[in-house]
Amino acid sequence: MSDNNLELPFWEGFRVWNFDRRADGVWISLIPDPAVCAACSGCGSACSHVHETYWRTIRDMPMLGDPVWLQVQFRRL
């Protein structure tokens, strides 16, 4: 599932790629928003060269009693 228009105020620069409700909780996959220019986390300057991407799973606060898991794709610039 792509092109979700879910607002994520605490995950600026990311967009929802997939949303899945499973027996073990709610799983939300986030990818970097291609409309947002990548910036170095150290100096803040714009960067167009991506060295690698990797996924990290993060446990978030429960939503309506169900555990929430975020699968986030990060970029190393």
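Predicted model: local features only at pLDDT ≥ 70, side-chain atom pairs only at ≥ 80, totals over all residues.
Q: What is the strand content over residues 39–77?
A: Over residues 39–77 the end C-alpha atoms lie 8 Å apart.

Q: How many disulfides does the structure hold?
A: A disulfide requires a pair of cysteine sulfur atoms within 2.5 Å. The sulfur of cysteine 40 has its closest cysteine sulfur in cysteine 43, at 3.7 Å, and is therefore too far for a bond. For cysteine 47 the closest cysteine sulfur belongs to cysteine 40, at 7.1 Å, which is likewise too far for a bond. The number of disulfides in the structure is 0.

Q: Is cysteine 47 buried, partly exposed or exposed?
A: Buried means under 20% relative accessible area and exposed means over 50%, with partly exposed in between. Cysteine 47 has a relative accessibility of 23%, so this residue counts as partly exposed.

Q: Is glutamine 73 buried or exposed?
A: Glutamine 73 sits in strand S4, which spans residues 66–76. Leaving aside neighbours within four places in sequence, glutamine 73 has contacts that include Phe14, Leu30, Tyr54 and Trp55. The cut-off for burial is under 20% relative accessible area; because the value for glutamine 73 is 19%, this residue is buried.

Methods. Residues numbered from 1 in each chain as written. Heavy atoms only, no water. Buried < 20%, exposed > 50% of the residue type's maximum accessible area, 1.4 Å probe, protein only. Helix = DSSP H or I, 4+ residues; strand = E, 2+ residues; numbered from the N terminus. Contact = heavy atoms within 4.5 Å.
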